[in-house]
Amino acid sequence: MNEKSRLADVMSYNLFDTPPEAELDEITELASLICGTPISLITILDDRRQWFKSKKGLSTSETDINDSFCQHTLHNPDEVLVVNDALDDPRFKNSKLVLGDPHIRFYAGAPLVTKQRHVLGTLCIIDRKPREITDEQKQALQILAKKVMDHIELQKTILNQHSTIKLNTQRLIKITENIPLGIFELRVNSEGNMNFVFLSKGMKRLHPHLELDEWLKDPTIGFSLMHPDDIEPLKLSLQNSIVNHVDLYHEYRVKDESGFHWHAMSGKPERAENGETVIYGSFTDVTHHFEYEAVLEQIAFDISHVLRSPITSMLGITNLLGTEKKLSEKRIREYSKYIQIVATEMEEFTRSLNAIYLEKSKKVTNYTPQ
């Protein structure tokens with residue numbers, strides 16, 4: 001047996017110094033009834049002490065491991081340790097637990113075996129007088145010890161699940177608090193009354209001066225932040241999502257120190273058991289989307305207007321060249337001069353447009369939601 005490995009296994013159950021459990025106390029009581037002993041215990045052993053998770057007929061809660069009978073079960077997970085008379089056994093005849101309180105003379109302990117085949121401790125019965133134990137009683141102790149382990153393993157699984165859920169919840173909270181958008185849960189009752197039951201801290205990035213607690217108390221605060229012309233259209237979109245049970249997406253303007261920004265509200269409605277509609281969704285700053293569209297419109301305008309003049313000139317020269325049946329050297333030089341002028345104009349226009357678009361693209365790319 002690897003004691004270091006056993007101790008790690010023992011500690012993974014988090015049993016030491018935990019409150020009594022009715023299920024285990026019932027098993028301890030049953031062991032005493034089956035074997036007719038005044039004392040029965042569920043013991044857990046580390047490298048220093050023997051601690052009693054459940055006890056009957058004994059007031060103390062632990063002993064030093066060096067004084068324990070149960071330490072001798074650690075290397076024999078499949079056997080019930082039986083001591084018919086401790087005074088006749090050289091391992092125990094000088095023990096303080098034999099010579100003093102609780103004056104142990106008889107002991108029988110069934111090991112509590114983990115999935116890793118380590119012994120946590122025992123389910124044991126104790127008497128203050130010598131006696132023997134039948135094979136049926138030993139078998140009963142082993143069955144009860146297995147029941148103890150079934151309960152302990154279940155509690156460990158539940159504890160691990162709680163730890164996993166807690167860790168995942170903490171991760172989810174960190175994610176929702178750090179993404180650059182606001183996440184919400186909105187509930188709407190059958191009368192159309194709305195209330196936010198959750199607003200992530202990401203909302204502070206969209207509205208730095210807004211107190212989220214106030215918004216949770218009064219859902220209409222959000223409308224006060226909007227452009228007046230956009231309030232009713234958003235309400236209609238919300239109503240359509242709720243009534244027709246369709247996904248919500250609506251863009252609207254919000255007030256800002258420098259004017260207005262564009263935000264979008266999106267969500268998916270669900271019917272709750274109490275008849276309410278629950279919308280899980282997000283608020284997002286989409287100003288960059290509109291700025292990008294503005295850049296595209298500017299590009300289209302420049303192509304259709306700014307570049308039209310040199311292109312028209314080039315087409316005119318091309319048409320003239322097509323009508324000339326015989327070009328003299330003088331005419332060729334004249335046309336070359338015109339072509340050079342048009343080419344220079346286009347070069348200047350192209351450089352100017354490149355500078356404008358580069359600056360605009362930087363603004364769109366580097367845009368930070370307010």
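These entries record what I looked up on salt bridges and on one strand residue in this structure.

I worked from a predicted model, in which local features need pLDDT of at least 70, side-chain atom pairs count only at pLDDT 80 or more, and totals for chains, interfaces and linings use all residues. Residues are numbered from 1 along each chain as its sequence is written, and side-chain values use heavy atoms, with hydrogens and water left out.

Entry 1, salt bridges. I searched the whole structure for salt bridges (a side-chain nitrogen of Lys or Arg within 4 Å of a carboxyl oxygen of Asp or Glu) and found 17. I looked at Arg49 and Asp17, whose closest N and O atoms are 2.8 Å apart. This pair links strand E2 (residues 49-56) with the loop between helix H1 (3-11) and helix H2 (22-35), 32 residues apart; helices (H or I, at least four residues) and strands (E, at least two) are DSSP runs, numbered from the N terminus. I noted that Arg49 is buried at 12% relative accessibility, whereas Asp17 is exposed at 52%, where buried means under 20% relative accessible area, exposed over 50%, and partly exposed in between (1.4 Å probe, protein chains only). Asp17 and Arg49 also belong to a salt-bridge network with Asp46 and Glu62.

I found Glu21 in a salt bridge with Lys53, at 3.0 Å between the closest N and O atoms. Glu21 is buried at 18%, and Lys53 is buried at 4%.
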